[in-house]
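Please open the model in a viewer and keep the sequence alongside.

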Amino acid sequence: MNKLITAVLMTGLFSLTSSAALAHYNRAATGPDYVTQEIDSPDNSFPLFYEKLKAARMPYKLAWQDGYNPQMWHNFAKAKAEEIILPYRDDTPFNPMVIDQIDRGSYIAQKVVFNISNESRVMALMLTPKGEGPFPAALFLHDHGSRFDIGKEKFVETWGDDARLSSSVEWAHRYFTDRFPGDELAKRGYVVLSIDALGWGDRSVSGFRNSSQQALASNLFNLGTSFAGIIALDDLRAAKFLASRPQVDKSRVASVGFSMGAFRSWQVAALSDDIKASVVDSWMGTMKGLMVPGNNQLKGQSAFTMMHPFMARYLDYPDVAAIAAPKPMLVFAGGLDPLFPVDSVKDAFSKLHSVWRANGAEDKLNTKIWPNKGHIFTEDMQEEAFNWLDQQFDMN
């Protein structure tokens, strides 16, 4: 029987095995002794029994293994990822409207309002090259950065709002070598769409801060959805909206993201048929490799934007990203990035290459660790990424 089918049928047995593994750790749990501390600190609040949980409660039952049929695995893995990640389906008509625009020489910048879901009508920044289309396109997905007053403005230069423009110029200086990456890609002939995730920019509130995220996440759980699930669904909807624009060549639509936006970029590439290629900068690693004391992923708050409950039962982060195979994907990491340990990044890269290789498309996967870079997307990284994207989309 095919190894993958066997794995799917054995998920129940894997659960029993996990329980048995946990029981093994507890054999000596007899007598009068008991714990007097079971959390490492009041800040990160990591349980002291985390190694037991990692060994027994993170089985990745549907994780890719060499020898699997790649198409069959893709179907099983995507179905499970959709079940865990997406809170519901949404086919609300977009009903877009342009409310403002300016001329930026080789392209037009617009503020476009559309229904990103049944619940939310949002304003996005869209850049469209002059001339006859259709053009290739890119969905820009912003980072977290604990900076909530701007979202879409982190990637595309805004106008008519001095406060947000000032914030975004500061952000561009800090992370993007004083450039707006969305505008740089528009200059190359791409339609660009940049949106706010829930909690950022127009979709936030004055005074929203890191500690606000826990209440928002908890309330969304109680409302039958999740913080990360809403963001994921909105990204899929934004990809569909972008691909549906008459000026866009729907066979050449990419996702581009930095930091949390990189997580969103490989996630939407995996789940959306509208995304044909993806650029991922500064977010890739294995789940266990990031679940270590002191890692940023353990701080709570921001983790809610990227946390899909029970994912570790079935798939690791690189497994979800690999659902995108054999689409073109570029993944950058910084060798000095304190958020993503290099060993974890290398393990994730190895998994990605294994899946693209099995699909006969390893030439479509570009992974690179920049040894002297931190958590950043500098001009040289942007240029290399955008040159690669031009090649994938046969741009002159």
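The stops below cover a helix pair and then several salt bridges.

This is a predicted model, in which local features need pLDDT of at least 70 and side-chain atom pairs count only at pLDDT 80 or more, while totals for chains, interfaces and linings use all residues. Residues are numbered from 1 along each chain as its sequence is written, and side-chain values use heavy atoms, without hydrogens and water.

First, select helix H8 (residues 227–244) and helix H9 (residues 260–271), which pack at an angle of about 65° with their axes 10 Å apart. Helices are DSSP runs of H or I with at least four residues, and strands are E runs of at least two, numbered from the N terminus. Axes are lines fitted to C-alpha atoms over the stretch in contact, and angles run from 0 to 180 degrees between N-to-C directions. Next, display Ile231, Ala232, Asp235, Leu236 and Ala239 of H8, which meet Arg264, Gln267, Val268 and Leu271 of H9 (contact: heavy atoms within 4.5 Å).

Now select Lys78 and Asp273, whose side chains meet in a salt bridge at 3.2 Å, N to O (a side-chain nitrogen of Lys or Arg within 4 Å of a carboxyl oxygen of Asp or Glu). Lys78 lies in helix H4 (residues 70–85) and Asp273 in the loop between H9 and strand E7 (277–281), so the pair ties together parts 195 residues apart in sequence. Lys78 is buried at 13% relative accessible area, whereas Asp273 is exposed at 55% (buried: under 20%; exposed: over 50%; partly exposed: in between; 1.4 Å probe, protein chains only).

Finally, select Asp380 and Lys373, a salt bridge with its closest N and O atoms 3.1 Å apart. Asp380 is partly exposed at 38%.
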